[in-house]
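Dear colleague,

Please keep the structure open while you read.

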Amino acid sequence: RTDGFRDHSKAEQWNLLAKLEREIADGTVVGLAFSNVGAPVGLEPGALTQSQVDDDRNQAQPGALAFDAREKLDQQKLALTLRRPFGEGRQLRAVLWGLQRDFANALPFNRRVDLDRKAWGGSLVFADASGPVHLTAGFDVDLQRDLRVNFENLGGARGDETFRQSENVTTLGPWLSAETRFANGFGVVTGVRWDWTRFDFGDRFVTATSGDGSDEKTFRDLSPRFGIFWRHSDAFFAYANYDSAFQVPTTTELQTPDPDGGFQSDFDAENANGVEVGAKGLLFDRLYYDVALFALRVRNVAVPYENAAGVTYYRDAGESHRRGLELALSAWLAPGLSARGSYTYASYRYQDFDSVDLGSGAVVSQDGHLEPNAPVNVLGLELRWDHPSGFFAISSLRYFSKLWVDDANSASAPAATTTN
């Protein structure tokens, strides 16, 4: 519970998590997990312009006050797990889960959104490490059923219904991974995953003046990966990986400015291909290090923008190149006392992205600009003390370099340091 740093930013959230595991016959373990998240109060102060920040950084956006912007969440999730061994080195793992979410959001303009979500799914994984090649095969299936209803926002009060749409998403994902280790410490890992995702939007608010915005779209892709590694000893491990990834847009990202509903039919899934090279190990029996270099090419990045009415929608950026360095050091200073330091350098730049200026309608190239909301430098320090009784204390510090807040890199937020 917090009153918030800014005006109109009070928030309250309650979390409950319960887990139970029990071993039954033949080493089989069954588990049950339940979580409940309740956020009955979540006032939204909204974003400020630079001049508003200079005038009073604690103030709320005028629209947030006029329309009483806020959100409320009630969510429950239940998961059932099973782990069953099949002889030496073989194991079957299964998960079944279900989720229910009620979300209400009063936006800082004339719109209130109610979202009722029912989702469920499961996964099945079989691992076989009994032979020279360690094999792991799995299959994921997830289903999501949403009902999105929009209303007029009359100063925070619910007005007439203006939009009603069902949004159904079904995903399937079989995958296979194999790892081979050789006597000299070298090894090879390879894998592949196939994803199939179907969106089905049903317009439930068809009137004499609005068309039927019902639509459907299917995404599918094959994502391979390959890597080599070398374990010289328990104190040194080096690796190099090639990975590809496939990520479909969310139902929110697919929303269209078209008042008749449906979604942006030309919106593509995000595809990433990249390499990572790294090493980790132990020095002087007390200093653990982990260093990695990465380079990614990401196509069809979902980029948010606001229309003239202040409503956020998304569009595709043609391509982005993401390169960086990650470094972490952990040290055991004394019995029960440890320290950790981390540094990340991340350069995420657009390479093929043309946006449209909302004022003039002109096409503007954003090539070479850094992606907004991604600090180039992040530094973290942490000191931790653990008592044999289980009591522990942590002190941490994190530094973030300035970050750009728009695609044109014309405005930025200053560097910040947080302590806990």
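A patch, as used here, is made of residues with over 30% relative accessible area and no salt bridge, with like charges joined within 9 Å and nonpolar side chains (Val, Leu, Ile, Met, Phe, Trp, Tyr) within 5 Å; a salt bridge is a side-chain nitrogen of Lys or Arg within 4 Å of a carboxyl oxygen of Asp or Glu. This is a predicted model, in which local features need pLDDT of at least 70 and side-chain atom pairs count only at pLDDT 80 or more, while totals for chains, interfaces and linings use all residues. Residues are numbered from 1 along each chain as its sequence is written, and side-chain values use heavy atoms, with hydrogens and water left out.

On the surface, Asp7, Asp54, Asp55 and Asp56 gather in a patch of negative charge. Of these, Asp7 is placed in the segment before β1 (11-23), and Asp7 is partly exposed, at a relative accessible area of 41% (buried means under 20%, exposed over 50%, and partly exposed in between, with a 1.4 Å probe and protein chains only).

Gly191, by contrast, counts as buried at 11% relative accessibility, and Gly191 lies in strand β8 (residues 186-203), where strands are DSSP runs (E, at least two residues) and helices are runs of H or I of at least four. Leaving aside residues up to four places away in sequence, Gly191 touches Leu176, Ser177, Ser223, Pro224 and Arg225, a contact being heavy atoms within 4.5 Å.

For the protein as a whole, there are two helices and 21 strands, and 33% of the 420 residues count as buried.

Conventions. Areas by Shrake-Rupley, 256 points an atom, 1.4 Å probe, with all protein chains shown as cover. Lys, Arg positive; Asp, Glu negative; His and termini not counted. Charge placed at Lys NZ, Arg CZ, Asp CG, Glu CD.
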